Amino acid sequence: MTSQTITADAAGTWKLGDLPVHRIGFGAMRLTGSAAFHLGTPSDREQSIAVLRRAVELGVNHIDTAAFYFSSLRSANEIINSALAPYADDLVIVAKVGPYRDYSGEWGTSARPDQLRGHVEENLRQLGRDHLDVVNLRRMRQESIAEHFGALAELREAGLIRHLGISDVNSRHLAEAQAIAPVVCVQNQYGLHRPDPEADELLRICGEQGIAFVPFFAIAGKGGAHGPSGEEADEVDAIARAHGATPAQVRLAWTLQQGPHVLAIPGTGNPDHLVENVAAGALRLTAEEMARLDALHREGE
């Protein structure tokens, strides 16, 4: 693959509500440093800013972030604001609320419904915006999301939020939310690295209903917030070699080929990895390669 000339439009487009986005987006979590949160080496701020600006130059118009993405010295939202404000009209910024970290970086009790307005307003303040394009409610182990989602629906009616999504949920939670307000996206962990029949079913339901399905950790796999382990399955390596691609690009291509409603939000603070991730939107795997990878997904790596 010749990554240098490939832009995000190669992946195609989808709509988050009425907002068109390229199917390759950008996750902001890794802008802050070597670890996802406060443990690790903080990033070089100027490089993180340069990565964001390069992403937009490459056609990325969907950025996923959260106020709780910060390290000891860096805030993802502040970096986004510094790099990209004033924001382009076609740039869609998606935030998530629910989890909570205090100013020392320690995780606290997740938000009650009556605290979600404060979470939304903190994202608005950090990003320098008067409304958020999309807000995902991240479920924090509660059985019902109705009260929390209802609180966000009220903020949508008040004009602070344009569209709503949900994260870390199953099909029952999706139906529960839809009874309250429209859902434009579902953001769950999903990828080659593990069998997950429940997530496969939710992906299918989203496709039938025209809802974007947005996997996270599609590249990191089992490494999750810690990043890729560096070990690759033989099948992934073999397919990558056949295309002159990287294993990460194969993982992203497999993810995108799960359906036209599937979006990818790979995150990085590395400008070279950014170019490779965007280029993955142009990689088309054959039916035989998809079958091999589907089998790997069903079995687990």
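Reply: In helix 5, Ser 171, Leu 174 and Gln 178 meet Leu 202, Ile 205, Cys 206 and Gln 209 of helix 6, where contact means heavy atoms within 4.5 Å and helices (H or I, at least four residues) and strands (E, at least two) are DSSP runs numbered from the N terminus. The residues of this contact divide into four nonpolar, three polar and no charged, with Ala, Val, Leu, Ile, Met, Phe, Trp, Tyr, Cys and Pro counted as nonpolar, Asp, Glu, Lys and Arg as charged, and the others, Gly among them, as polar. This is a predicted model, in which local features need pLDDT of at least 70 and side-chain atom pairs count only at pLDDT 80 or more, while totals for chains, interfaces and linings use all residues. Residues are numbered from 1 along each chain as its sequence is written, and side-chain values use heavy atoms, with hydrogens and water left out.

Turning to the rings, the structure holds four aromatic pairs, a pair being rings of Phe, Tyr and Trp (its six-membered ring) with centres within 6.5 Å, stacked if the planes are under 30 degrees apart, edge-to-face if over 60 and tilted for the rest. The ring centres of Tyr 190 and Phe 213 lie 5.6 Å apart with the planes at 90°, so this pair is edge-to-face. It links distant parts of the chain, since Tyr 190 is in the loop between strand 8 (185-189) and helix 6 and Phe 213 is in strand 9 (residues 212-216), 23 residues apart. Tyr 190, at 3% relative accessibility, counts as buried, as does Phe 213 at 0% (buried means under 20% relative accessible area, exposed over 50%, partly exposed in between, with a 1.4 Å probe and protein chains only).
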